[in-house]
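Dear colleague,

My findings follow directly after it.

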Amino acid sequence: METKYISQSGIEQWFDAIVTSGKRVFAPVNSRGQVDFKPVKKLSEVADEYIQTTQSIKASVYPKAEVLFSYEKVNGKVNLTDFDPESVPETVLWKVHPCDAAGFKPLSAIFNWDTTDKLHNAHLAKTSVISFSCSAADESCFCTSVNGSPGNTAGSDIQLTMLPDGGAIVEILSPKGEALVALSPSVFVADKGEKKEKYLVDLPVRFNLEEVNAKLNKAFNSTVWKEQSERCLGCGACAFVCPTCACFDIQEDAHGSKGRRIRCWDACGFALFTLHTSGHNPREHQSQRWRQRILHKFFYMPERLSVVGCTGCGRCSRACPVDMNILEHITSIAKQ
Amino acid sequence: MKKLRERAAELLSQGVVSLVLGYEEGTKRPRPLFCRNSVNAEKLIFDSRCIHNLAVYITKKELVGKERFAVTAPISTLRSIMQLFVENQLNEEKLLVLTVDLNGELREFTTFDEIAAYVAQFELKRGEREQELLSKIEGMTREERWKFWMEEMSHCFKCYACRSACPLCYCSKCVVEVNRPQWINPWPAPLANMEWHINRAMHMVGRCTACGACGDACPIGIPIDLITRKMMEDMAPEFGYIPGQPAKQGNALSTWKLDDREQFIR
Amino acid sequence: MSEQNTYLPYLMTIEKVIKEAPGVKTYRLKFQDEAEAEAFEFKAGQFGEYSAFGEGESTFCIASSPTRKGYIECTFRDTGRVTSGLASLEEGSTMGFRGPYGNVFPMEEWKGKNLLFIAGGIALPPMRCVIWNALDLRENFKDITIIYGAKTVNDLVYKSELKEWSDRPDVKMVTTVDPGGENADWKGEIGFVPTIVEKVAPSAENTIAIVCGPPIMIKFTFPVLEKLGFKDDQIYTTLENRMKCGVGKCGRCNVGKLYICKDGPVFSKEELNLIPAEEY
């Protein structure tokens with residue numbers, strides 16, 4: 001890992017060089033009253049004043065709907081066309097929050113434990129992450145409680161920490177990061193010895209992860225799930241904005257003799273998610289589905305995949321129509 | 001508010017109701033509260049910030065059991081409750097409706113007629129936001145409107161928060177989940193999203209009371225409530241409805257009359 | 001070598017269609033690609049994802065025995081979009097198969113033991129795989145008892161095989177139908193499966209019981225076995241949670257820390273005790 005300094009004009013020059021290189025660049029853009037990742041060509045399009053994008057960068061490595069393969073029926077035979085990794089364009093994600101970049105690890109843990117996932121890995125290979133450390137947070141943020149921090153570099157290829165002069169400390173974290181630096185090497189100069197920590201928001205730890213884990217180990221039959229989930233509407237907003245939620249459905253897009261098999265996002269909060277053909281539903285009640293969501297992220301994933309299924313980004317809390325605040329709920333479980 | 005809390009505590013402690021569905025302070029704004037004892041009644045609030053339509057909960061079997069319960073309801077919720085009555089989804093004997101009127105007085109309703117008489121005083125009007133957006137949309141050509149909505153719908157990721165937040169979306173199996181035949185492609189994609197939203201709107205025609213819960217619930221800010229509101233406004237004069245009043249004569253798309261002026265339906 | 005796409009199915013030709021019962025069919029499937037056929041291996045208990053191109057995928061066990069090489073068989077009931085799409089296919093047409101997935105019945109460990117098979121209705125297929133596997137390696141096992149029941153005589157599947165098994169001197173075969181499900185020619189038992197198990201009363205001594213059936217049958221059969229002296233590590237079953245991917249990723253069959261598709265579908269009762277019963 002190498003640390004450099006880049007000036008304000010250097011950032012502009014470098015950004016232009018990335019765009020000119022032909023890579024797709026996605027960055028937070030403020031439009032329709034929401035800040036979300038969109039394709040950008042100019043640095044001026046990138047949003048400034050916001051705490052968090054509504055959606056995570058998950059879709060860049062796990063699209064909302066993606067063709068697994070296509071088929072064609074010809075004279076009783078079937079021809080299959082596999083997903084082509086070469087069809088995935090080189091993509092740079094600009095101004096990603098550390099909590100978002102950190103989501104790649106749990107996502108990949110799900111997709112690649114045991115068998116590997118060709119599609120996810122193709123996207124991952126073509127995606128470079130330039131994160132910006134956080135100088136601000138809101139009441140929904142809690143990365144420091146789930147092994148993260150406002151300056152966490154996990155999942156990033158480069159991390160920028162913005163300085164008062166408009167320039168930034170540049171941490172070059174991977175070969176992909178080096179390749180991005182190489183697009184405009186002259187704008188990266190020697191590190192000025194500034195301490196990154198000085199520019200990070202101070203976010204107190206709100207709960208102890210081990211404590212939560214220990215509580216959850218004994219909480220399956222607790223009344224807390226019903227209490228907490230009574231107001232839950234059972235929509236998929238929390239799962240879809242989450243950087244680590246990976247549950248999916250497989251569907252058929254049929255057009256006569258041709259068609260495509262599609263993988264699309266699904267959510268464990270939906271009532272029909274676990275419904276058997278027989279009509280039996282092991283998770284009939286919303287409280288059981290809420291329990292699954294929390295246990296999966298904070299208990300099953302740590303046990304099974306050695307990674308927490310939450311990065312503390314707070315998106316689910318902000319997106320929830322009825323204020324199912326995950327920080328509040330986890331904190332109350334920890335205190336039980 | 002004090003009166004509401006006292007009355008809720010009284011209803012609960014006397015066993016008149018087993019649950020008061022109300023509002024409490026939330027992270028940024030009030031949120032639904034399931035109040036089951038008089039101690040929790042202290043948390044109840046009721047003011048202009050309380051906009052969640054709690055009528056969404058009152059048809060859920062797992063939440064509302066055999067016991068009588070109370071629900072605190074601003075005007076928009078009262079309208080939904082009336083529509084649910086019209087659709088035979090509620091039992092008057094199980095429901096007690098509480099509201100605070102313009103004079104700050106606590107009002108209690110036990111029948112549909114009482115609610116209807118109260119709500120009749122209030123005309124359903126567009127708010128500032130609705131007026132601004134709808135007049136913008138009304139000023140568009142058909143092509144511009146299609147483009148506007150296609151762009152808005154392209155952001156939809158089918159979390160179905162709109163459906164979940166709507167008091168009138170109480171079907172246990174939604175049309176989008178029917179796959180024989182597959183009416184609507186279930187994955188998110190611009191056209192498949194449009195299919196869903198058109199279907200949703202069509203199922204709301206003559207039923208929607210313009211409470212705005214769907215638009216409010218949308219995590220990505222698609223103003224979908226405007227579609228059903230506009231349809232309500234447009235069809236009311238055609239079918240003799242009063243916007244925001246329950247469709248006692250039946251819902252436009254599920255009833256017909258012998259003397260309908262259209263030929264195709266006879 | 002480029003990474004394999006887990007979701008790309010093998011192409012299979014439907015070689016034979018057997019109508020088992022109303023709405024229930026068995027397909028014998030052959031790999032269209034010889035190299036794939038050659039490389040394919042599976043064990044009793046495993047399942048797969050079967051494709052009707054144009055409709056989607058459905059999850060069933062492999063109903064044929066691994067001792068019968070060169071093909072696999074599946075038995076399914078026409079209940080939804082995919083199974084109805086599959087049911088409409090004819091001999092010679094193409095369908096897809098992904099698998100084998102999941103864990104296996106520990107048949108190696110069962111050598112020298114008595115085997116007691118208890119199945120209900122459409123749950124015979126996962127057991128048929130084990131039954132044939134055991135019969136093809138008959139010398140490895142002691143007494144073999146099969147208790148199979150269905151709602152009505154019509155609903156019994158694998159009718160010719162039921163006869164074959166009951167004709168064998170080295171198999172004790174008991175068939176039953178629910179009260180009212182019999183017809184004039186019925187010579188088997190009449191009664192629900194758990195009742196018949198109690199009546200037949202097989203010895204628990206050195207015996208493994210394999211139970212497959214609807215949840216309600218399993219629920220009432222376990223206590224009967226317990227009464228007969230079966231310990232939890234002598235009882236096996238398969239779970240059939242809803243699945244989409246089959247490889248532990250889509251999230252549907254996650255129960256506790258386990259994925260039914262990866263850690264199951266085969267569980268001993270001892271293992272079942274470790275996961276919450278309400279979730280399967």
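Tyr5(A) has Ile169(A) of S9(A) as its bridge partner. The two strands concerned, S1 (residues 2-6) and S9 (residues 168-172) of chain A, pair in the antiparallel sense over five bridges; strands count as paired if DSSP finds at least two bridges between them. Helices (H or I, at least four residues) and strands (E, at least two) are DSSP runs, numbered from the N terminus.

This is a predicted model, in which local features need pLDDT of at least 70 and side-chain atom pairs count only at pLDDT 80 or more, while totals for chains, interfaces and linings use all residues. Residues are numbered from 1 along each chain as its sequence is written, and chains are lettered from A and ligands numbered from 1 in the order in which they are written.

In chain A, eight strands form an open sheet of mixed pairing, in the order S3-S2-S6-S7-S8-S9-S1-S10. Strands S3 (34-39) and S10 (189-190) of chain A each have a single partner strand and stand at the edges, so one side of each lacks a neighbour in the sheet. Helix H1 (residues 8-20) of chain A lies across S1, S2 (24-31), S6 (91-96) and S9 of that chain, and runs at about 110° to S1(A). Axes are lines fitted to C-alpha atoms, for helices over the stretch in contact, and angles run from 0 to 180 degrees between N-to-C directions.

In chain B, the domain assignment, which is automatic or from a database, gives domain 1 (2-119) and domain 2 (128-239). Their C-alpha centres lie 27 Å apart. Twelve residues of domain 1 and ten residues of domain 2 make the contact, where contact requires C-beta atoms, placed from the backbone, within 7 Å.

Also in chain B, the axes of helix H4 (residues 128-138) and helix H9 (residues 225-239) come within 11 Å and cross at roughly 75°. H4(B) is therefore roughly perpendicular to H9(B) (65 to 115 degrees; under 35 is roughly parallel, over 145 roughly antiparallel, the rest oblique). Glu130(B), Leu133(B), Leu134(B) and Ile137(B) of H4(B) meet Leu226(B), Arg229(B) and Lys230(B) of H9(B).

Between chains C and A, the contact takes 35 residues from chain C and 43 residues from chain A.

As to confidence, chain C has a mean pLDDT (the predictor's confidence in each residue, from 0 to 100) of 95, with 100% of its residues at 70 or more. The predictor gives the complex an ipTM of 0.95 and a pTM of 0.95.

With kind regards

Key
Two residues are in contact if their C-beta atoms, placed from the backbone, lie within 7 Å.
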